[in-house]
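Please look through the structure shown below together with its sequence. The report that follows takes up its sheets, one of its helices and some details of its backbone.

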Amino acid sequence: MKDTAIVIGGSASGLITATVLSKYFKNVFIIERNVYKNNESAVNNRQGHQPHIVMQRGYEILNQLFPNFMKEFEEEEKGKNRILNQLDQFRFTKFVFNGKVLSNAGVKMGPCLLWTSTRGEIESFIRRRMERDLKNVKFYDGYQVLNNQVHVESILDKNGKEQVKVTGVTIARTDNQQQQDSATNSTSNQQQDSITINCDLLVNCGGLGSRTLCKNIESKLNKTMRKSFTEFKIRYESIYFKVKEDVKLLPNNRLSISKLLEKEKDSASRNVGDDFTCVYHPLMYPNMKSFLVFPVENNKIIISLISSCDHVERVNNLTTMNAKEKILNYVKGTPLEEDMINILNICKEEADSIHPPYEKLGNEYNHYEELFPVSQFLAIGDSVGSLNPVYGQGIASSFDSAILLDDKIKKEIKNCNKVDSIFDSDFCKEFQQQLCYAYFIPWLLAVTGDFSYTTKYSNNLWWQKLLNPVMQFLTDRMFEAGNKNIMGTFYFVTLLTMRDGYRKLLFNINWLALLFARELKVLAFIVPTVVLAAVLQYC
């Protein structure tokens, strides 16, 4: 067991990464610049109150790291009159594509769950479990690492070649922490304004802007880290409504917020009038507006309006009194209108609360795998890749990245029977390369949609822009397959929910053979997508 690991960032990816590292280090320190508040996200000022979806893969990882996690979370939420939205196999999710609703994948296919909540609630419960179960993890809330305070030194590797080794950081208290201390007369005023901590591993789990922390590393290597990006700015505006007292409750205390309309029926697995507890019209080309609605309590729902910033104006002067009117104006004349009218009909006239809008610039990937040779330094989560979460893949991808690290550490220990060589430059480079591969499918899904809206992108993505019309066509066909055929739906849902990880499922020959035996048309849609994805992966 090594001595000290430092994790920068106390949001979702930082918490899960620290949990994994706690098995291999005597001390794990989490550095978070914001002051922690229960049920609020570390990124609350940006997107903490916006709805978040944890896919099947993230669900399984939480139960793997914290036994009985979901059972305990469900029990705690019930006590608060809240609903844990486990939307089994999309059975209760109205996922609308081109006016048609995704088929029900069927109970015999096994669980394929979605967990909907706010980011603050997800992170707070994880943190409480960590504080209860992991005594070697310590939080430095209200501290940050300055750009020039990542400590590095030049060393020679076993072959006599020069490399950079990260040895520690200096952290400083933020203005937010100092203001809170002053306001509460906290004894933390006696804490040091800056602290230097030596470490055996530094993991950057901060936001995209945290790439500036590599300034000293880049200077030593005489390199500048490359990034890939597309600029398609998306706006999220979230409004909470309490529902009327006479609204129907489904079994297991589920809140019925929508039904299947006659015009939406296109599958034998759905019947007109079927109830749904979640409604999602995804932002997919050529649509400029979309929305996501799900219950947060058995008498309260969240309506999230999602739109293209370049094509749709922000909903201005939004208040609790005029929220219904503003939302109806937002959907007027669009395919969203009828669904939204039905949803608002079950809501009380005045909104319960409105949260500040959040705008995300687009998709971005920082190529840490090219920043080598560097030892004792890794990057995970949003610091590496930040995707427009049209498919809800953000949190699940960051969780999966931490498990990828766990698997690699276990493999390294098994192969060499010692931990001394773990986190050397070869280990760090190989991990970042594996992480790059792991992000390929979610990146492809997110960027394919963005390219249809925008022409702003990094030069290294010229090949993806060139092939985008083909990729958009194939992606649409995959969605169409999910709308028309139960087997196609199961494949599609399992892929999106990362049930076994993106790459494992996409290239699962047994699954494709089963699909071939059941439905030739669906296979005709999917095989070209798989082949093209395999080609692009190694471009």
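## The open parallel sheet

Five strands, in the order S8-S2-S1-S12-S23, form an open sheet with parallel pairing, where helices (H or I, at least four residues) and strands (E, at least two) are DSSP runs numbered from the N terminus, and two strands pair if DSSP finds at least two bridges between them. At the edges lie strand S8 (137-141) and strand S23 (377-379), each of which pairs on one side only. Neighbouring strands of this sheet are turned by 20° against each other on average, direction ignored; axes are lines fitted to C-alpha atoms, for helices over the stretch in contact, and angles run from 0 to 180 degrees between N-to-C directions.

Within this sheet, strand S1 (residues 2-8) runs parallel to strand S12 (residues 201-204) and is joined to it by four bridges, and Val7 has Val203 of S12 as its bridge partner.

This is a predicted model, in which local features need pLDDT of at least 70 and side-chain atom pairs count only at pLDDT 80 or more, while totals for chains, interfaces and linings use all residues. Residues are numbered from 1 along each chain as its sequence is written, and side-chain values use heavy atoms, with hydrogens and water left out.

## Helix H4

Helix H4 (residues 119-133) lies across strand S2 (25-32) and S8, running at about 130° to S8, where contact means heavy atoms within 4.5 Å. The expected span of a helix is 1.5 Å times one less than its number of residues, so the 15 residues of H4 should span 21 Å, which agrees with the 21 Å between its end C-alpha atoms.

H4 is mostly covered, since eleven of its 15 residues are buried (under 20% relative accessible area, with exposed over 50% and partly exposed in between, for a 1.4 Å probe and protein chains only). Among these buried residues are Ile122, Phe125 and Met130.

## Antiparallel pairs

Strand S13 (residues 227-242) and strand S21 (residues 353-366) pair in the antiparallel sense over eleven bridges, and Tyr236 has Tyr358 of S21 as its bridge partner. S21 also pairs in the antiparallel sense with strand S24 (residues 385-386), over two bridges.

## Backbone details

Most residues other than glycine have a negative phi, and most peptide bonds are trans. Phe372 and Pro373, however, are joined by a cis peptide bond with omega about 0°, and Pro373 is found in the loop between S21 and strand S22 (374-375).

Asn222 has a positive phi, near 60°, and is exposed, with a relative accessible area of 72%.
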